[in-house]
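I opened this notebook to record what I looked up, entry by entry.

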Amino acid sequence: MEKFNQHTGVVVPLDRANVDTDAIIPKQFLKSIKRTGFGENLFDEWRYLDQGEPGVDCSQRPLNEAFVLNFPRYQGASILLARKNFGCGSSREHAPWALQQYGFKAVIAPSFADIFFNNCFKNGLLPIVFPEETVEALFQYVHEEEGATLSIDLSAQTVTATKATGAAINAAFSVDAFRKHCLINGFDDIGLTLQHAAEIKAFEANRLSAQPWLAKTI
């Protein structure tokens, strides 16, 4: 898993509450047995004017120019700003995969659905919870500033925005210490386990030495 410590990027404002996982990555794309390739179908039903299907070349599909991700000013965005209860609905891990593979490093919202929130951390995507008034201030900043960016410092647990007027927004967020440790070091569940690879190998060697018949057990 990619490490996350500090990140500065363009912010795109998705001004919708209760965005569910079927909107993030529609159900027809869950047929894939691979873990990659979901980014181009992120928010598929909102980004495109036609019906999306797996394997279709999205570069040839008609874009919905009214959808915020298609606005020229937000191209290359890596931070998503959203409203409350983001990621509700079914518990598909493909949702954080699609966001991450599109290019997002973090999602900021007043609240998240629990399973989606947990899946984000397991896949290296940082979900940041702020009070609604802070999120509203960030929406106002992004709407007013062309090419608005945010700087996220996970170690310090802060998000900073500097306006053209010189005024700044500085907001602190909370994050579980264990999850913070995993993100900063790039540890997913497998990575955490592999930290103890030598101990696991030694345990297996001792077990087979004491119970050699296990080597032939199916």
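Predicted model: local features only at pLDDT ≥ 70, side-chain atom pairs only at ≥ 80, totals over all residues.

Residues are numbered from 1 along each chain as its sequence is written, and side-chain values use heavy atoms, with hydrogens and water left out.

**Entry: salt bridges**

How many salt bridges does the structure hold? I found 7, where a salt bridge is a side-chain nitrogen of Lys or Arg within 4 Å of a carboxyl oxygen of Asp or Glu.

I looked up E2 and found K105 as a salt-bridge partner, with the closest N and O atoms 3.4 Å apart. The two sit 103 residues apart, E2 in the segment before β1 (6-13) and K105 in the loop between α3 (94-102) and β3 (106-109). For these names, helices (H or I, at least four residues) and strands (E, at least two) are DSSP runs, numbered from the N terminus. E2 counts as exposed because its relative accessibility is 55%. K105 has 28%, so it counts as partly exposed.

Next I checked R61, which forms a salt bridge with D44; the closest N and O atoms are 2.8 Å apart. R61 is in the loop between α2 (44-47) and β2 (79-81), and D44 is in helix α2, 17 residues away. Are these two buried or exposed? Both R61 and D44 are buried.

R73 is in the loop between α2 and β2, E146 is in the loop between α5 and β5 (149-153), and 73 residues separate them. R73 is partly exposed, at 25% relative accessible area, whereas E146 is exposed, at 60%. I also found D15, R83 and E136 joined into one network by salt bridges that share partners.

**Entry: nonpolar core**

A nonpolar core is a set of buried Ala, Val, Leu, Ile, Met, Phe, Trp, Tyr and Cys residues joined through side-chain atoms within 4.5 Å. The largest one here has 58 residues, and F43, F86, L99 and L126 have the most contacts inside it. Helix α5 (residues 132-144) gives the largest share, 5 residues. In soluble globular proteins, nonpolar side chains tend to be buried together.

Which residues does L99 touch, leaving out those up to four places away in sequence? I listed I24, L42, F43, L80, F86, F104, V107, F116 and L125, with contact meaning heavy atoms within 4.5 Å.

Terms used:
Buried < 20%, exposed > 50% of the residue type's maximum accessible area, 1.4 Å probe, protein only.
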